Amino acid sequence: MVDRPGNRRGRGALEGEVMAVLAAAGTALTAGQVTERLDGGLAYTTVSTVLSRLHDKGMVSRRPAGRAHAYCFLRDEAARRAREMTKLLEAGQDRSRVLAHFVQDLGPQDELLLHRLLREAHEDG
C-alpha cells in the first residue's frame with residue numbers, strides 16, 4: 001500500500017488489495033470476511049462498495065450467502081472479457097448493428113469458430 005497524505009490509498013489500490021485477498025483465498029468470501037483479512041481498519045461498507053464495483057466491472061463473481069453475497073475472484077481472463085462484451089452490448093441502443101459490425105470484422109477462422117460455438121450452444125439447449 002502506498003501512503004498518501006491523510007493515509008489515503010492511490011487510485012485503484014484498494015481494489016487491488018481486495019482482489020489480492022480474494023485471489024489468495026481460493027474460495028468465495030463475504031464482504032465481512034474480506035474486511036477481516038485486509039490491513040488498515042477499513043469499514044465494512046467501504047469493502048462492500050468496492051466488491052460491488054468489482055462485480056459491476058466483471059472482475060469478480062458473486063452468489064447469495066445468507067443475507068449477503070459471497071464474492072469470488074475470476075481467474076479466467078476469457079470469462080472477464082466475455083462479461084465486458086456483454087455489458088457493452090447491453091449499454092448500446094442498437095444491439096443488432098453492433099453485432100453486425102462485429103461479425104463483419106471477423107476473419108474466416110473466427111467466423112467458423114463462431115458458427116461452431118453457436119451450433120453447439122443451440123444443441124445444448
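**The salt bridges, one by one**

Guide: Let's begin with Glu 15, which counts as partly exposed at 23% relative accessibility (buried is under 20% relative accessible area, exposed is over 50%, and partly exposed is in between, with a 1.4 Å probe and protein chains only). Before going further, please keep in mind that this is a predicted model, in which local features need pLDDT of at least 70 and side-chain atom pairs count only at pLDDT 80 or more, while totals for chains, interfaces and linings use all residues. Residues are numbered from 1 along each chain as its sequence is written, and side-chain values use heavy atoms, with hydrogens and water left out.

Two salt bridges are counted in this model (a side-chain nitrogen of Lys or Arg within 4 Å of a carboxyl oxygen of Asp or Glu). In one of them, the side chain of Glu 15 meets that of Lys 57, at 2.8 Å from N to O. Glu 15 belongs to helix H1 (residues 13-25), whereas Lys 57 lies in the loop between H3 and strand E2 (60-65), so this pair ties together parts that are 42 residues apart in sequence. (Helices, H or I of at least four residues, and strands, E of at least two, are DSSP runs numbered from the N terminus.) Lys 57 is partly exposed as well, with a relative accessible area of 45%.

His 55 is buried, because its relative accessible area is 19%. Leaving aside residues up to four places away in sequence, His 55 touches Val 60, Ser 61, Arg 62, Tyr 71 and Lys 87 (contact means heavy atoms within 4.5 Å). Val 60, Ser 61 and Arg 62 are among these contacts, and strand E2 spans 60-65.

Now turn to the other pair, where the side chains of Glu 120 and Arg 116 meet at 2.9 Å, again taken from N to O. Here both partners lie in helix H6 (residues 108-124), four residues apart, which is about one turn of the helix. Glu 120 has a relative accessible area of 32% and is therefore partly exposed. Arg 116 is likewise partly exposed, at 36%.

To put the pairs side by side: Lys 57 and Glu 15 link a loop with helix H1, while Glu 120 and Arg 116 both sit within helix H6.
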